[in-house]
Amino acid sequence: MTDIVANPAGDQGATPRSTPVGLAVTPRRVPVLNVYVDDISMDDLLEMREGAMATLHVDMIVKLQHDREFYDIWNTFDVVTCDSQFLYFALKLLRRGVCMRVSGSDYFPKFYTRYANDPSVTVFLVGAAPGIAEKARADINAKVGREIIVGTNAPAFDFRDGTPANDALIDEINASGATSLLVALGAGRQEKWIANNRHRMPNVKLFLPLGGTIDYEADAVKRPPAFITNIGLEWFWRLVREPKRRWRRYVIEEPKVIPYLVRDAFGKYRNPFST
Ligand code: UDP
């Protein structure tokens, strides 16, 4: 089944696509600025067995306004969720609401619980600081009661595609036999890494670029209480806890999204990459 949805802002989202394996229907695609999100519930997303997902949040939207390489791979993701409560409210105001916010860090624990008794599902974790993914692996496997996490690797922060280190990482993922791959290398970088390398991992059916999820699973970073997230203040929680690491993103970069969205609301937004 294919489906064509025009995106007035650009050509991202306008290409025909098939229903991702496991989903009963192709989710409705909602344009926002020069990309899109899918209107999909958590329960439906958990049934997706093959493909790559992305979880759109404000930091990514801002990067997608100037990072051409990131923009160019957007269409390679089979499902894109609305990861941010701010974006969820903004889409409602734009009268393009989606049914719910589906964040990567909410999704992943539900994913391993859903497939706890399905031995065909195994996961490899890439990213986070040394030791963190190993701790997440031990904690998750203990919760699930089997070796669902079959391997981890924390690449050096400056590792690059096309290097022997990247080849070794891919060999390790392939040798693990993992059928799902969680990549946490920071927004933009993790999606590009998946788009550039997924064809080299034939066993992997599901690609999950899920940012800080490994840190949360290892309890290395504390999650805010749900009510903080629900009122759209997760950014403020993170800023207060890690001001040095976060101030630039939350104080300088992310507020840039507001004028973009205002222009979109009045039909004045221009995709910087449309020809
Ligand atoms: N990370 C990594 N290698 C990198 C950059 C980031 O392993 O080169 C990890 C980082 O340790 C963290 C995760 O990626 O576990 C998400 O990073 P961050 O919170 O900065 O990004 P976000 O997901 O919030 O965009």
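Student: Is Leu56 buried or exposed, and how many other C-beta atoms lie within 10 Å?

Tutor: A residue is called buried if 20 or more other C-beta atoms, placed from the backbone, lie within 10 Å of its own, exposed if 12 or fewer, and partly exposed in between. Leu56 is buried, because 22 other C-beta atoms are found within 10 Å. Please keep in mind that this is a predicted model, in which local features need pLDDT of at least 70 and side-chain atom pairs count only at pLDDT 80 or more, while totals for chains, interfaces and linings use all residues. Residues are numbered from 1 along each chain as its sequence is written.

Student: Which residues does Leu56 touch, and in which strand is its place?

Tutor: Contact requires that the C-beta atoms of two residues, placed from the backbone, lie within 7 Å. Leaving aside residues up to four places away in sequence, Leu56 touches Val35, Val37, Ile61, Val80, Thr81, Cys82, Asp83 and Leu87. Leu56 itself belongs to strand β5, strands being DSSP runs of E with at least two residues and helices runs of H or I with at least four, numbered from the N terminus.

Student: How should I read the sheet, and in what order do its strands stand?

Tutor: Strands of a sheet pair through backbone hydrogen bonds, either parallel or antiparallel. Two strands count as paired if DSSP finds at least two bridges between them. Here 6 strands form an open sheet with parallel pairing, in the order β6-β5-β10-β9-β7-β8. Since β6 (79-82) and β8 (149-153) are at the edges with a single partner strand each, one side of each is left without a neighbour in the sheet. From one strand to the next, the twist averages 20°, where axes are lines fitted to C-alpha atoms, for helices over the stretch in contact, and angles between N-to-C directions run from 0 to 180 degrees.

Student: How many bridges join β5 to β6?

Tutor: Strand β5 (residues 51-56) runs parallel to β6 and is joined to it by 4 bridges; Ala54, for instance, has Val80 in β6 as its bridge partner.

Student: What share of the residues of the protein chain is buried?

Tutor: Of its 275 residues, 39% count as buried.
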